[in-house]
Amino acid sequence: MTLDLLLWAVLPYVTITVFVGGIAWRYRHDRFGWTTRSSQLHESRLLRIGGPLFHVGLLFVLAGHVGGLLVPASVTRWLGVRDELYHLVSLGAGGLAGLATLVGLGVLLHRRWRTPAVRAATSRDDRLTYPVLAAVLLLGMAATVLTNGVGGGYDYRSTISPWVRGILLLHPDPALMRDVPLPYRLHALAAMALFVLWPFSRLVHALTVPLHYLVRPYIVYRSRDERLAARPAPRGWDGR
Ligand code: HEM
């Protein structure tokens, strides 16, 4: 029980504290480093395939998580959605979205490994973040496809979902996680590891939308050539 308490009642709050505190810290101290560190200039063909597959897939996966984990089963029943239908849709749509995300990540990792310039631009925090991200996705798919699908079904809305809501409402109940099948528990633990890494990696870009790109002024590039740099600066925009 002590381990259950640590994993399912203490660890989630440590994770939330590091996530929120880390984001605030990074925003205050490293705003110029708040970036995707785009490698599009090095390679764009594979990026054009992997990027959208990964991001669009993930958007659907996360929308499914909000529905499945935060909305109680009593609400979907009250709305007239039968449990069997819910199960089928969550399995089909969740599985497809998860597959797209996983294939997208596969393309992006292949590109990162095989393109020398992209590989050279890969940082230490990338080397830590990508395996954890891949583990979260693989374990999520194992839970959905193997345990919930082929394995005959598992009603995570009666255990994991109330556990998540309990954490958010500040009355955690670790007992809810005790008999949950292993792939789900490993998936949740890997997800917590990802949330801990989040503020210190390029994943921070997911928390902002760069709307200022639409209205920002031109970026001025200045030549390093001494003779040109010594030339009197033209007044304003000269059309060259
Ligand atoms: C503590 C946080 C999380 C919890 C409690 C959680 C819970 C779940 C559950 C219960 C499922 C299985 C759904 C089913 O059986 O049909 C699942 C699947 C999945 N999860 Fe998570 N998850 C978490 C975070 C994440 C994160 C951060 C990601 C991605 C970065 C992710 C990616 C996936 C994927 C790809 C699947 C399989 C496809 C799907 O069913 O949508 N999960 N997760």
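**Entry 1: the shell around the ligand**

I looked up which helices supply the shell around the ligand in this predicted model. At least two residues each come from α2 (45-70), α4 (83-114), α6 (124-150), α7 (160-168) and α8 (182-197); helices are DSSP runs of H or I with at least four residues, numbered from the N terminus. I noted that α6 gives the most, with seven residues.

Local features need pLDDT of at least 70 and side-chain atom pairs 80 or more, while totals for chains, interfaces and linings use all residues.

**Entry 2: residues and contacts**

I found 21 residues around the ligand, that is, with a heavy atom within 4 Å of it. His 65, Thr 144, Asn 148, Tyr 184 and His 187 come nearest.

I then looked up polar contacts (pairs of N or O atoms within 3.5 Å). The side chain of Thr 144 has an N or O atom 2.8 Å from an oxygen atom of the ligand. For Tyr 184, a polar side-chain atom lies 2.8 Å from an oxygen atom of the ligand.

**Entry 3: the iron atom**

Which residues coordinate the iron atom of the ligand? I found His 65 (NE2) and His 187 (NE2), at 2.0 Å; donors are N, O and S atoms within 2.8 Å of the metal (3.2 Å for Na, K and Ca). This pair links distant parts of the chain, as His 65 in helix α2 and His 187 in helix α8 are 122 residues apart.

Note on methods: Residues are numbered from 1 along each chain as its sequence is written. Side-chain values use heavy atoms; hydrogens and water are left out. A polar contact is a pair of N or O atoms within 3.5 Å; within protein, one must be able to donate a hydrogen and the other to accept it, and residues adjacent in sequence count only if both atoms are side-chain atoms.
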